[in-house]
Amino acid sequence: MGVLIRPELRVDDTRFRANLATLQDRVDPAALMLVVKDDAYGHGLRGIAEAAVSAGIRWIGAYDVPSAVLLREAVGPEVSLFAWVTSADDEIAEAIIGGVDLGVGTLEYLDRVIVQAERLGARARVHLKVDTGLHRNGLSAAEWPRGVETALRAQRESSVELVGAWSHLAEASDEEDDAAHACFLAALGEARELGAEVPRTHLTASAATWLRPELRGDIVRVGAFCYGIRSADGPELPGLVPIASLVAPVVGIEGEEAVVSIGALDGVPSTLAGRVGVGTPAGARPLTAVGLDRIRVRAWPGAQEGDEVVLFGDGAHGESSATTLAEAIGTVGEEILTRLASRVRRRHITG
Ligand SMILES: *Cc1c(COP(=O)(O)O)cnc(C)c1O
(Lines give C-alpha, C1' and ligand atoms only; values in the text may rest on other atoms or scores of the structure.)
Protein backbone atom coordinates (compact mmCIF):
# COMPACT_ATOMS: atom_id res chain seq x y z
CA MET A 1 0.00 0.00 0.00
CA GLY A 2 2.98 2.34 0.60
CA VAL A 3 3.24 5.32 2.89
CA LEU A 4 0.24 7.60 2.99
CA ILE A 5 1.17 11.07 1.69
CA ARG A 6 -2.19 12.79 1.45
CA PRO A 7 -5.61 12.27 3.01
CA GLU A 8 -7.70 9.67 1.29
CA LEU A 9 -11.15 8.18 1.51
CA ARG A 10 -10.73 4.42 1.39
CA VAL A 11 -13.76 2.72 -0.04
CA ASP A 12 -13.92 -0.97 0.76
CA ASP A 13 -15.57 -2.72 -2.20
CA THR A 14 -15.85 -6.01 -0.32
CA ARG A 15 -17.97 -4.34 2.34
CA PHE A 16 -19.94 -2.45 -0.26
CA ARG A 17 -20.85 -5.70 -1.99
CA ALA A 18 -21.81 -7.22 1.36
CA ASN A 19 -24.09 -4.25 2.16
CA LEU A 20 -25.72 -4.51 -1.26
CA ALA A 21 -26.27 -8.24 -0.76
CA THR A 22 -27.78 -7.66 2.70
CA LEU A 23 -30.15 -5.05 1.30
CA GLN A 24 -31.04 -7.09 -1.76
CA ASP A 25 -31.88 -10.08 0.46
CA ARG A 26 -34.00 -7.96 2.70
CA VAL A 27 -36.04 -6.34 -0.09
CA ASP A 28 -36.41 -9.38 -2.31
CA PRO A 29 -38.31 -9.61 -4.69
CA ALA A 30 -38.08 -5.81 -5.14
CA ALA A 31 -35.20 -4.47 -7.22
CA LEU A 32 -32.58 -2.44 -5.36
CA MET A 33 -31.89 0.95 -7.00
CA LEU A 34 -28.58 2.32 -5.72
CA VAL A 35 -28.85 6.09 -5.29
CA VAL A 36 -25.62 7.87 -6.23
CA LYS A 37 -26.49 11.54 -5.95
CA ASP A 38 -23.84 14.00 -4.71
CA ASP A 39 -20.93 12.01 -6.15
CA ALA A 40 -22.27 8.79 -4.64
CA TYR A 41 -22.62 10.45 -1.22
CA GLY A 42 -19.01 11.59 -1.50
CA HIS A 43 -17.64 8.11 -2.21
CA GLY A 44 -16.89 8.85 -5.90
CA LEU A 45 -19.53 8.37 -8.59
CA ARG A 46 -17.84 6.24 -11.17
CA GLY A 47 -15.98 3.84 -8.89
CA ILE A 48 -19.12 3.20 -6.87
CA ALA A 49 -21.27 2.62 -9.94
CA GLU A 50 -18.77 0.19 -11.41
CA ALA A 51 -18.45 -1.74 -8.16
CA ALA A 52 -22.24 -1.89 -7.81
CA VAL A 53 -22.82 -3.13 -11.33
CA SER A 54 -20.20 -5.82 -10.94
CA ALA A 55 -22.09 -6.84 -7.78
CA GLY A 56 -25.28 -7.27 -9.79
CA ILE A 57 -27.06 -3.92 -9.32
CA ARG A 58 -29.31 -3.16 -12.31
CA TRP A 59 -30.89 0.16 -11.25
CA ILE A 60 -28.93 3.31 -10.44
CA GLY A 61 -30.55 6.54 -9.24
CA ALA A 62 -28.39 9.43 -10.39
CA TYR A 63 -30.49 12.49 -9.47
CA ASP A 64 -29.21 14.69 -12.33
CA VAL A 65 -28.99 13.94 -16.05
CA PRO A 66 -25.27 14.77 -16.54
CA SER A 67 -24.28 12.21 -13.88
CA ALA A 68 -26.56 9.60 -15.43
CA VAL A 69 -25.21 10.22 -18.92
CA LEU A 70 -21.66 9.99 -17.62
CA LEU A 71 -22.49 6.67 -16.01
CA ARG A 72 -24.09 5.25 -19.15
CA GLU A 73 -20.59 4.86 -20.61
CA ALA A 74 -19.25 3.25 -17.47
CA VAL A 75 -22.05 0.75 -16.85
CA GLY A 76 -23.10 -0.28 -20.35
CA PRO A 77 -26.60 -0.60 -21.81
CA GLU A 78 -28.01 -3.23 -19.44
CA VAL A 79 -28.32 -1.03 -16.38
CA SER A 80 -31.31 1.28 -15.92
CA LEU A 81 -30.33 4.82 -14.94
CA PHE A 82 -32.88 7.08 -13.30
CA ALA A 83 -32.57 10.90 -13.13
CA TRP A 84 -35.33 12.76 -11.40
CA VAL A 85 -34.36 16.42 -11.14
CA THR A 86 -36.34 18.72 -13.46
CA SER A 87 -33.83 19.41 -16.24
CA ALA A 88 -33.18 21.79 -19.12
CA ASP A 89 -34.16 20.83 -22.67
CA ASP A 90 -30.62 19.99 -23.79
CA GLU A 91 -30.24 17.67 -20.82
CA ILE A 92 -33.57 16.02 -21.59
CA ALA A 93 -32.29 15.35 -25.10
CA GLU A 94 -29.06 13.84 -23.76
CA ALA A 95 -31.07 11.66 -21.42
CA ILE A 96 -33.27 10.36 -24.22
CA ILE A 97 -30.26 9.61 -26.42
CA GLY A 98 -28.47 7.94 -23.49
CA GLY A 99 -31.49 5.82 -22.57
CA VAL A 100 -31.80 7.48 -19.17
CA ASP A 101 -35.14 7.09 -17.37
CA LEU A 102 -36.62 10.43 -16.36
CA GLY A 103 -38.55 11.14 -13.20
CA VAL A 104 -41.24 13.65 -14.17
CA GLY A 105 -43.10 15.58 -11.50
CA THR A 106 -44.75 18.51 -13.29
CA LEU A 107 -47.03 18.82 -16.33
CA GLU A 108 -44.74 21.47 -17.75
CA TYR A 109 -41.75 19.11 -17.55
CA LEU A 110 -43.75 16.28 -19.10
CA ASP A 111 -44.61 18.53 -22.06
CA ARG A 112 -40.96 19.47 -22.54
CA VAL A 113 -39.88 15.82 -22.37
CA ILE A 114 -42.42 14.93 -25.07
CA VAL A 115 -41.30 17.80 -27.30
CA GLN A 116 -37.67 16.62 -27.10
CA ALA A 117 -38.63 13.00 -27.77
CA GLU A 118 -40.69 14.01 -30.81
CA ARG A 119 -37.85 16.16 -32.07
CA LEU A 120 -35.41 13.24 -31.77
CA GLY A 121 -37.89 10.68 -33.10
CA ALA A 122 -37.19 8.59 -29.99
CA ARG A 123 -39.05 7.39 -26.91
CA ALA A 124 -38.44 9.03 -23.55
CA ARG A 125 -38.62 6.58 -20.65
CA VAL A 126 -40.82 8.30 -18.08
CA HIS A 127 -41.60 7.63 -14.41
CA LEU A 128 -44.46 9.93 -13.36
CA LYS A 129 -44.17 11.32 -9.86
CA VAL A 130 -47.15 11.60 -7.56
CA ASP A 131 -47.18 14.30 -4.89
CA THR A 132 -48.06 12.28 -1.81
CA GLY A 133 -47.72 15.12 0.67
CA LEU A 134 -44.13 16.37 0.57
CA HIS A 135 -45.02 19.12 -1.94
CA ARG A 136 -41.56 18.84 -3.36
CA ASN A 137 -42.21 18.21 -7.01
CA GLY A 138 -44.87 15.68 -8.02
CA LEU A 139 -48.28 15.83 -9.72
CA SER A 140 -51.09 16.77 -7.37
CA ALA A 141 -54.26 14.70 -7.21
CA ALA A 142 -55.89 17.30 -9.46
CA GLU A 143 -53.08 17.12 -12.07
CA TRP A 144 -52.55 13.37 -11.98
CA PRO A 145 -55.24 12.25 -14.48
CA ARG A 146 -54.07 14.82 -16.99
CA GLY A 147 -50.44 13.73 -16.53
CA VAL A 148 -51.34 10.08 -17.06
CA GLU A 149 -53.48 10.84 -20.12
CA THR A 150 -50.77 13.03 -21.63
CA ALA A 151 -48.18 10.31 -21.10
CA LEU A 152 -50.49 7.65 -22.56
CA ARG A 153 -51.21 9.75 -25.64
CA ALA A 154 -47.47 10.27 -26.15
CA GLN A 155 -46.95 6.55 -25.63
CA ARG A 156 -49.44 5.79 -28.43
CA GLU A 157 -47.54 8.27 -30.59
CA SER A 158 -44.24 6.55 -29.77
CA SER A 159 -42.59 9.47 -27.99
CA VAL A 160 -42.95 8.11 -24.44
CA GLU A 161 -42.63 4.79 -22.68
CA LEU A 162 -44.47 5.07 -19.39
CA VAL A 163 -42.15 2.93 -17.28
CA GLY A 164 -43.45 3.63 -13.84
CA ALA A 165 -44.91 5.78 -11.09
CA TRP A 166 -43.11 6.93 -7.99
CA SER A 167 -43.08 9.27 -5.02
CA HIS A 168 -40.89 10.19 -2.05
CA LEU A 169 -41.71 9.84 1.64
CA ALA A 170 -41.01 12.31 4.45
CA GLU A 171 -39.94 9.45 6.79
CA ALA A 172 -40.86 11.71 9.70
CA SER A 173 -43.57 9.51 11.19
CA ASP A 174 -45.22 6.18 10.36
CA GLU A 175 -48.64 7.86 10.22
CA GLU A 176 -47.55 10.38 7.60
CA ASP A 177 -45.82 7.69 5.55
CA ASP A 178 -48.94 5.50 5.72
CA ALA A 179 -51.05 8.40 4.47
CA ALA A 180 -48.56 9.04 1.65
CA HIS A 181 -48.63 5.35 0.74
CA ALA A 182 -52.44 5.35 0.58
CA CYS A 183 -52.29 8.42 -1.64
CA PHE A 184 -49.74 6.67 -3.89
CA LEU A 185 -51.91 3.54 -4.20
CA ALA A 186 -54.95 5.66 -5.07
CA ALA A 187 -52.98 7.37 -7.84
CA LEU A 188 -51.82 3.99 -9.17
CA GLY A 189 -55.41 2.72 -9.20
CA GLU A 190 -56.51 5.79 -11.07
CA ALA A 191 -53.71 5.44 -13.62
CA ARG A 192 -54.68 1.83 -14.26
CA GLU A 193 -58.32 2.82 -14.69
CA LEU A 194 -57.18 5.30 -17.30
CA GLY A 195 -55.51 2.42 -19.16
CA ALA A 196 -51.90 2.77 -18.00
CA GLU A 197 -49.97 -0.39 -17.16
CA VAL A 198 -47.39 1.23 -14.84
CA PRO A 199 -44.94 -1.69 -14.81
CA ARG A 200 -42.68 -0.17 -12.14
CA THR A 201 -43.49 1.51 -8.83
CA HIS A 202 -41.16 3.00 -6.23
CA LEU A 203 -41.69 4.96 -3.07
CA THR A 204 -39.16 4.20 -0.33
CA ALA A 205 -35.63 5.43 0.47
CA SER A 206 -33.25 3.90 3.08
CA ALA A 207 -35.19 4.07 6.33
CA ALA A 208 -38.64 3.12 5.02
CA THR A 209 -37.15 0.44 2.78
CA TRP A 210 -35.48 -1.15 5.79
CA LEU A 211 -38.20 -0.69 8.39
CA ARG A 212 -41.49 -0.62 6.45
CA PRO A 213 -41.61 -3.54 3.99
CA GLU A 214 -45.32 -2.96 3.39
CA LEU A 215 -44.54 0.40 1.78
CA ARG A 216 -42.06 -0.90 -0.78
CA GLY A 217 -42.92 -0.84 -4.45
CA ASP A 218 -41.24 -3.22 -6.86
CA ILE A 219 -38.15 -1.00 -6.80
CA VAL A 220 -36.60 0.58 -3.69
CA ARG A 221 -34.37 3.65 -3.96
CA VAL A 222 -31.58 3.35 -1.40
CA GLY A 223 -28.64 5.67 -0.88
CA ALA A 224 -27.33 6.07 2.66
CA PHE A 225 -27.78 2.47 3.84
CA CYS A 226 -25.90 1.02 0.84
CA TYR A 227 -22.86 2.97 2.01
CA GLY A 228 -23.42 1.91 5.60
CA ILE A 229 -24.48 5.39 6.70
CA ARG A 230 -27.12 4.94 9.39
CA SER A 231 -29.73 7.62 10.10
CA ALA A 232 -28.80 10.22 12.71
CA ASP A 233 -30.42 9.15 16.00
CA GLY A 234 -31.41 5.95 14.20
CA PRO A 235 -30.61 2.38 15.18
CA GLU A 236 -27.46 0.47 14.24
CA LEU A 237 -28.21 -1.69 11.22
CA PRO A 238 -27.42 -5.39 11.47
CA GLY A 239 -25.49 -6.50 8.41
CA LEU A 240 -24.66 -3.00 7.16
CA VAL A 241 -21.23 -1.48 7.82
CA PRO A 242 -19.70 1.84 6.79
CA ILE A 243 -17.80 1.19 3.57
CA ALA A 244 -15.52 4.25 3.73
CA SER A 245 -12.74 5.36 6.08
CA LEU A 246 -11.23 8.83 5.97
CA VAL A 247 -7.52 8.42 6.62
CA ALA A 248 -4.72 11.00 6.90
CA PRO A 249 -1.00 10.85 7.76
CA VAL A 250 0.74 12.23 10.82
CA VAL A 251 3.24 14.85 9.61
CA GLY A 252 4.78 15.85 12.92
CA ILE A 253 4.71 15.50 16.69
CA GLU A 254 4.54 18.71 18.70
CA GLY A 255 4.65 18.14 22.43
CA GLU A 256 1.59 16.18 23.46
CA GLU A 257 -0.02 16.39 20.03
CA ALA A 258 0.23 14.67 16.69
CA VAL A 259 -0.16 17.01 13.71
CA VAL A 260 -2.11 15.38 10.90
CA SER A 261 -2.30 16.45 7.27
CA ILE A 262 -6.01 17.09 6.75
CA GLY A 263 -8.22 20.00 7.70
CA ALA A 264 -11.22 22.19 7.10
CA LEU A 265 -10.25 22.74 3.44
CA ASP A 266 -10.53 19.00 2.91
CA GLY A 267 -14.01 19.10 4.38
CA VAL A 268 -13.42 18.31 8.06
CA PRO A 269 -15.95 20.41 10.04
CA SER A 270 -14.00 22.68 12.38
CA THR A 271 -16.80 22.33 14.94
CA LEU A 272 -15.67 18.73 15.57
CA ALA A 273 -12.62 19.97 17.52
CA GLY A 274 -12.87 19.06 21.19
CA ARG A 275 -16.04 17.05 20.65
CA VAL A 276 -14.95 13.72 19.19
CA GLY A 277 -12.19 11.16 19.10
CA VAL A 278 -10.41 9.79 16.05
CA GLY A 279 -8.80 6.42 15.36
CA THR A 280 -5.03 5.95 15.79
CA PRO A 281 -2.65 2.97 15.94
CA ALA A 282 -3.29 3.05 19.71
CA GLY A 283 -7.07 3.38 19.54
CA ALA A 284 -9.30 6.41 20.03
CA ARG A 285 -7.64 9.75 20.84
CA PRO A 286 -9.27 13.17 21.22
CA LEU A 287 -9.34 15.52 18.26
CA THR A 288 -8.10 18.74 19.84
CA ALA A 289 -8.01 21.25 16.96
CA VAL A 290 -9.04 21.63 13.31
CA GLY A 291 -7.13 24.13 11.19
CA LEU A 292 -7.36 24.79 7.46
CA ASP A 293 -5.07 21.97 6.38
CA ARG A 294 -4.01 20.37 9.66
CA ILE A 295 -5.74 18.76 12.58
CA ARG A 296 -4.25 18.05 15.98
CA VAL A 297 -4.81 14.85 17.89
CA ARG A 298 -3.73 13.95 21.43
CA ALA A 299 -0.56 11.92 20.85
CA TRP A 300 -0.17 8.27 21.81
CA PRO A 301 2.90 6.38 23.00
CA GLY A 302 5.25 5.87 20.07
CA ALA A 303 3.36 8.24 17.77
CA GLN A 304 5.48 9.14 14.75
CA GLU A 305 5.43 10.75 11.38
CA GLY A 306 3.73 8.52 8.82
CA ASP A 307 1.27 6.96 11.27
CA GLU A 308 -2.26 6.85 9.97
CA VAL A 309 -5.12 8.60 11.71
CA VAL A 310 -8.69 7.56 10.88
CA LEU A 311 -11.29 10.32 11.16
CA PHE A 312 -14.26 8.05 10.57
CA GLY A 313 -14.72 4.46 9.52
CA ASP A 314 -15.87 1.11 10.78
CA GLY A 315 -14.28 1.47 14.23
CA ALA A 316 -11.28 -0.84 13.71
CA HIS A 317 -8.87 1.80 15.10
CA GLY A 318 -11.22 3.30 17.66
CA GLU A 319 -12.76 5.81 15.25
CA SER A 320 -16.46 6.65 15.09
CA SER A 321 -18.76 6.32 12.11
CA ALA A 322 -19.54 9.40 10.01
CA THR A 323 -23.01 9.46 11.57
CA THR A 324 -21.61 9.45 15.12
CA LEU A 325 -19.35 12.40 14.24
CA ALA A 326 -22.34 14.13 12.68
CA GLU A 327 -24.43 13.64 15.80
CA ALA A 328 -21.74 15.44 17.85
CA ILE A 329 -22.32 18.60 15.80
CA GLY A 330 -26.02 18.27 15.11
CA THR A 331 -25.96 17.11 11.49
CA VAL A 332 -26.26 13.87 9.51
CA GLY A 333 -23.65 11.38 8.29
CA GLU A 334 -24.37 12.21 4.65
CA GLU A 335 -23.19 15.76 5.26
CA ILE A 336 -19.85 14.64 6.71
CA LEU A 337 -19.24 12.58 3.57
CA THR A 338 -20.60 14.88 0.88
CA ARG A 339 -18.63 17.88 2.10
CA LEU A 340 -15.30 16.10 1.56
CA ALA A 341 -13.35 18.10 -1.01
CA SER A 342 -12.54 16.65 -4.41
CA ARG A 343 -8.85 16.95 -3.49
CA VAL A 344 -9.34 14.10 -1.03
CA ARG A 345 -8.45 11.08 -3.10
CA ARG A 346 -11.02 8.27 -3.30
CA ARG A 347 -9.32 4.91 -3.35
CA HIS A 348 -11.06 1.57 -3.69
CA ILE A 349 -9.71 -1.36 -1.74
CA THR A 350 -10.90 -4.91 -1.28
CA GLY A 351 -10.85 -5.76 2.40
C1 LIG B 1 -31.76 10.91 -1.81
C2 LIG B 1 -32.93 10.21 -2.33
C3 LIG B 1 -33.12 8.84 -2.08
C4 LIG B 1 -32.18 8.04 -1.19
O5 LIG B 1 -32.31 8.47 0.14
P6 LIG B 1 -31.53 7.69 1.31
O7 LIG B 1 -32.24 8.10 2.55
O8 LIG B 1 -30.12 8.15 1.25
O9 LIG B 1 -31.66 6.25 1.01
C10 LIG B 1 -34.20 8.21 -2.65
N11 LIG B 1 -35.07 8.89 -3.42
C12 LIG B 1 -34.95 10.20 -3.67
C13 LIG B 1 -35.95 10.88 -4.54
C14 LIG B 1 -33.88 10.91 -3.14
O15 LIG B 1 -33.74 12.22 -3.38
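Colleague: Is arginine 345 buried, exposed or in between, and why?
Modeller: Arginine 345 counts as partly exposed, because its relative accessibility is 43%. Buried means under 20% relative accessible area, exposed over 50%, and partly exposed in between, with a 1.4 Å probe and protein chains only. This is a predicted model, where local features need pLDDT of at least 70, side-chain atom pairs count only at pLDDT 80 or more, and totals for chains, interfaces and linings use all residues. Residues are numbered from 1 along each chain as its sequence is written, and side-chain values use heavy atoms, with hydrogens and water left out.

Colleague: Where does arginine 345 lie?
Modeller: In strand 16, residues 345-349. Strands (E, at least two residues) and helices (H or I, at least four) are DSSP runs, numbered from the N terminus.

Colleague: What does arginine 345 touch?
Modeller: Arg6, Pro7, Glu8 and Leu9, not counting residues up to four places away in sequence. Contact means heavy atoms within 4.5 Å.

Colleague: Now serine 206. Buried or exposed?
Modeller: Serine 206 counts as buried, because its relative accessibility is 8%. Its place is in helix 9.

Colleague: Which residues is serine 206 in contact with?
Modeller: Leaving aside neighbours within four places in sequence, they are Glu171, Arg221, Val222, Gly223, Ala224 and Phe225.

Colleague: Arg221 and Val222 sit in strand 9, then. Which residues cover its two faces?
Modeller: Ile219 and Arg221 are on one side, Val220 and Val222 on the other, and all are buried. In a regular strand the side chains alternate between the two faces of the sheet.

Colleague: Which strand does strand 9 pair with?
Modeller: Strand 2, residues 31-35, in the parallel sense over four bridges. Two strands pair if DSSP finds at least two bridges between them. Leucine 32 stands opposite valine 220.

Colleague: Switching topic. How much space lies in the largest pocket?
Modeller: About 880 Å³. Of the 39 residues lining the pocket, the closest to its centre are Lys37, His168, Leu169, Glu171 and Ala205. On a 1 Å grid over the protein atoms alone, a pocket is an open set of points where a 1.4 Å probe fits, with protein on both sides within 12 Å along at least five of seven lines; lining residues have an atom within 4 Å of a point. The volume is the space filled by probe spheres set on the points, which are joined across faces, edges and corners.

Colleague: Which element gives the most to the lining?
Modeller: Helix 9, with four residues.
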